[in-house]
Amino acid sequence: AKFTFGTAGTRGTVGIPGSGLYYTEHNPLDRRRGKRGSPAPEGESAADRLDLGFFRRLITPPEEEAFVDGLRQIHEGDEAGAWKTLIQATAQADAAFMAGILALKRKQPEAAIDCLSSALDRGETLGELFRKYEIRPTVSLSITDHIDARIEPAARGIALALTEAYQMTAQWSEALDVLESIHAAQPEDPVVTLSMVEILAAEIATPEAYQRVVSLIRDADNTDE
């Protein structure tokens with residue numbers, strides 16, 4: 001997993017060079033603070049937005065403060081410090097999401113499962129703090145040995161990250177259950193389909209699993225052999 005913070009929107013891509021498999025989406029950033037806010041000052045950086053200052057800290061709830069401090073530590077390259085900070089704020093969906101991604105990077109799948117599940121359970125508040133501070137995180141997540149996907153704090157992104165955590169602990173059924181819930185809502189998503197196929201064909205590998213693979217890819221278009 002890798003992190004970048006940007007303010008101009010993100011473009012996510014996945015692909016295998018020369019294979020024809022390619023997926024991209026663009027999500028422009030809403031530059032307004034909340035419903036009544038004004039556009040952010042031109043040139044204001046992510047570091048500026050993550051600097052609460054003395055007086056703002058006096059009125060910022062502790063878990064929100066920990067979320068902001070954790071993001072600033074990631075931005076500064078202090079991921080060990082960010083982990084200690086964000087794990088204190090996992091009641092906030094966005095903090096739980098970032099803590100879960102950090103746990104994946106630190107090879108702590110059990111902690112990742114706890115944090116990402118917490119974020120998924122609080123799905124109605126996902127993204128609120130990121131929008132408040134006008135920060136859009138870009139997380140690059142390995143889907144297979146050859147393909148990375150860029151995810152964001154939303155149900156799909158959390159499901160893909162949670163799947164990776166379950167795979168690290170060989171919990172194949174749990175990983176499939178998470179992917180099935182996303183696939184039911186987004187059956188055309190090639191990254192979700194690819195994740196399901198990988199688990200079914202490479203890990204479960206029963207006749208029933210292979211039949212499921214065939215049903216998942218029956219309508220896929222090939223661009224080469």
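User: Let's start with Asp69: why is it called buried?
Analyst: Asp69 has a relative accessible area of 15%. Buried means under 20%, exposed means over 50%, and partly exposed is in between (1.4 Å probe, protein chains only). At 15%, Asp69 is therefore buried. Before we go on, this is a predicted model, where local features need pLDDT of at least 70 and side-chain atom pairs count only at pLDDT 80 or more, while totals for chains, interfaces and linings use all residues. Residues are numbered from 1 along each chain as its sequence is written, and side-chain values use heavy atoms, with hydrogens and water left out.

User: What joins the side chains of Asp69 and Arg72?
Analyst: A polar contact of 2.9 Å. The term covers a pair of N or O atoms within 3.5 Å; within protein, one must be able to donate a hydrogen and the other to accept it, and residues adjacent in sequence count only if both atoms are side-chain atoms. Asp69 itself lies in helix 3; helices here are DSSP runs of H or I with at least four residues, strands are runs of E with at least two, and both are numbered from the N terminus.

User: How do you know what length to expect for helix 3?
Analyst: The expected span is 1.5 Å times one less than the number of residues. Helix 3 has 14 residues and reaches 20 Å from its first C-alpha to its last, close to the 20 Å expected. Its buried residues include Phe67, Val68, Leu71 and Ile74. Gly77 follows the helix, with a positive phi near 90°.

User: And what makes Phe67 and Phe130 an aromatic pair, and of which kind?
Analyst: Rings of Phe, Tyr and Trp (its six-membered ring) pair if their centres lie within 6.5 Å; planes under 30 degrees apart are stacked, over 60 edge-to-face, and the rest tilted. Phe67 and Phe130 sit 5.2 Å centre to centre with 75° between the planes, which makes them edge-to-face. By this rule the count is one aromatic pair. Phe67 is in helix 3 (residues 62–75) and Phe130 in helix 7, so the pair ties together parts 63 residues apart in sequence.

User: What makes a set of residues a nonpolar core?
Analyst: Its members are buried Ala, Val, Leu, Ile, Met, Phe, Trp, Tyr and Cys residues joined through side-chain atoms within 4.5 Å. The largest one has 55 residues, and Phe67, Leu86, Phe97, Ile151 and Leu160 touch the most other members. Helix 5 (residues 93–105) gives the most to it, with ten residues. As for the general picture, nonpolar side chains tend to be buried together in soluble globular proteins.

User: Why is Glu134 called buried?
Analyst: Glu134 has 0% relative accessibility, so it counts as buried. This residue lies in the loop between helix 7 (128–132) and strand 4 (136–142). Most residues other than glycine have a negative phi.

User: Is Ala170 buried or partly exposed, and how do you know?
Analyst: Partly exposed, because its relative accessibility is 45%. Ala170 lies in the loop between helix 8 (155–168) and helix 9 (172–185), and its phi is positive too, near 60°.

User: What makes helix 8 "mostly covered"?
Analyst: Twelve of its 14 residues are buried, among them Leu160, Leu162 and Tyr166. As for its length, the end C-alpha atoms are 20 Å apart, which agrees with the 20 Å that 14 residues should span.

User: Which residues does Ile113 touch?
Analyst: Not counting residues up to four places away in sequence, Ile113 touches Leu162, Ala165, Tyr166, Thr169 and Gln171; contact means heavy atoms within 4.5 Å. The C-alpha atoms of Ile113 and Leu162 are separated by 6.0 Å, though the two are 49 residues apart along the chain. Ile113, in helix 6 (residues 109–121), is buried at 11% relative accessible area.

User: Last one: how confident is the predictor, going by the mean pLDDT?
Analyst: The mean pLDDT is 77, and 71% of residues reach 70 or more, on a per-residue confidence scale from 0 to 100. Over residues 1–43 the pLDDT is below 50, and beyond near neighbours in sequence this stretch has 101 contacts in the model.
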